[in-house]
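Visitor: I am new to this structure. Please take me to one part and look at it closely, starting with its charged side chains.

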Amino acid sequence: MTSRPAAASHQSRTTISEYITSYPPHPESGSLAEDLAHYFSPSTHWPSAWYSGDDILAPPLRGNGQLNWKGAWSSNGRSKTISVGVLFADLSMCFYTLTFPQPLPPSHDPNDARTVQRSARYLPRPQPWDRARLVEAHETYGETVAGFAESFAGTGQFCARGECWDLANEALKSFDQYDWVPRPVPSISRTHGHLIFEGRASDKGRTQVGRWRGGDDRVRRGDILEWRLAKVSRGPYASSTLGNPDHTAVIVSDAVPRTAVADGISVAPRELGTLVVVEQGVTSPPKRESYDLAQFEEGEVWIYRPVSMEAYVGTFPVAQCPEGLNTLTV
């Protein structure tokens, strides 16, 4: 397994705070994976032997639907070892390992390093890619993703369950049939690859804030759109409500921003112009639709570029950290 490639140069021209939207969940440290790695630090007090049962997910992860994970355990009759790899919605990844006596003695102390060995390594959030890599990703995945969504538009046939998210999720899963194409980042909660843009609007659109990510100069066909509690005006007497709380669509036409863009700079959503998409809902079959972000009045918006999982993140979730992976410790 190769290590994650070096990050593209990062322009520091942003004029807005680090977190301008509510998603992905904001970590206490540099990433959600680093937060979990801190939990496995020997200095972190554990109030109980949470690992004594069948659930090998650490307490901070339980009930969290915004992650993918793989786990395994082994036992030699005297001790048990559990290993888990977790991919978070910010595309950071943590691998933890825990070894403890089996069976646990009555006097067992989960904080005794002599009998409980705990460790964690993590990959931070991937850095934004330059234009060449993002265009290459578009050429690899974009047409297939857009064509998949368009194949349902106007047919009256729902994709999968008919949920809006299914169009993006199933489009990305469709690459499993092409063994010569690197598998893309899967849909993880509302994340669908490399973030291209994030923004929000309030006060009937009078306030719009956004940020461009990566080195590409446009939104491209096959990118994936996420809305949260959004409202887009359709004229003086009509509007579209997108997201209760979230809504997903597949972009099927390029959109060139009206202003020059570069990684990290502030770009209001209205500068992106009109986005043409294919979308569906449980009561609305797949259809082609367009949204003018100049009329974006309330809520949040994200745009993702499908990209190779191994090239961008470093590895797919596996229980044990692969050899040669460029991981960090706390």
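Predicted model: local features only at pLDDT ≥ 70, side-chain atom pairs only at ≥ 80, totals over all residues.

Guide: Start with a network of salt bridges that links Arg 131, Asp 216, Asp 217, Arg 218, Arg 220, Asp 223 and Arg 305. A salt bridge here is a side-chain nitrogen of Lys or Arg within 4 Å of a carboxyl oxygen of Asp or Glu. Residues are numbered from 1 along each chain as its sequence is written, and side-chain values use heavy atoms, without hydrogens and water.

Take Arg 220. Its side chain meets that of Asp 216 in a salt bridge, 2.6 Å from N to O. Arg 220 also forms one with Asp 217, where the closest N and O atoms are 3.7 Å apart. How covered are these residues? Buried means under 20% relative accessible area, exposed over 50%, and partly exposed in between (1.4 Å probe, protein chains only). Asp 216 is buried, at 0%. Arg 220 is buried too, at 8%. Asp 217, at 29%, is partly exposed.

Now move to strand β11, residues 296-305. Strands (E, at least two residues) and helices (H or I, at least four) are DSSP runs, numbered from the N terminus. In β11, 9 of the 10 residues are buried. Two strands pair if DSSP finds at least two bridges between them. Strand β5 (residues 194-202) pairs with β11 in the antiparallel sense, over 7 bridges. There, Glu 198 has Trp 302 as its bridge partner. Strand β7 (residues 224-233) also runs antiparallel to β11, joined by 7 bridges. Ile 224 stands opposite Tyr 304 of β11.

Look next at Ile 303. Contact means heavy atoms within 4.5 Å. Beyond its neighbours within four places in sequence, Ile 303 is in contact with residues including Leu 195, Phe 197, Asp 223 and Leu 225. A nonpolar core is a set of buried Ala, Val, Leu, Ile, Met, Phe, Trp, Tyr and Cys residues joined through side-chain atoms within 4.5 Å. The largest one has 41 residues, and Leu 225, Trp 227 and Ile 303 touch the most other members. Several elements each supply at least two residues of this core, among them β5, β7 and β11. The largest share, 4 residues, comes from β7.
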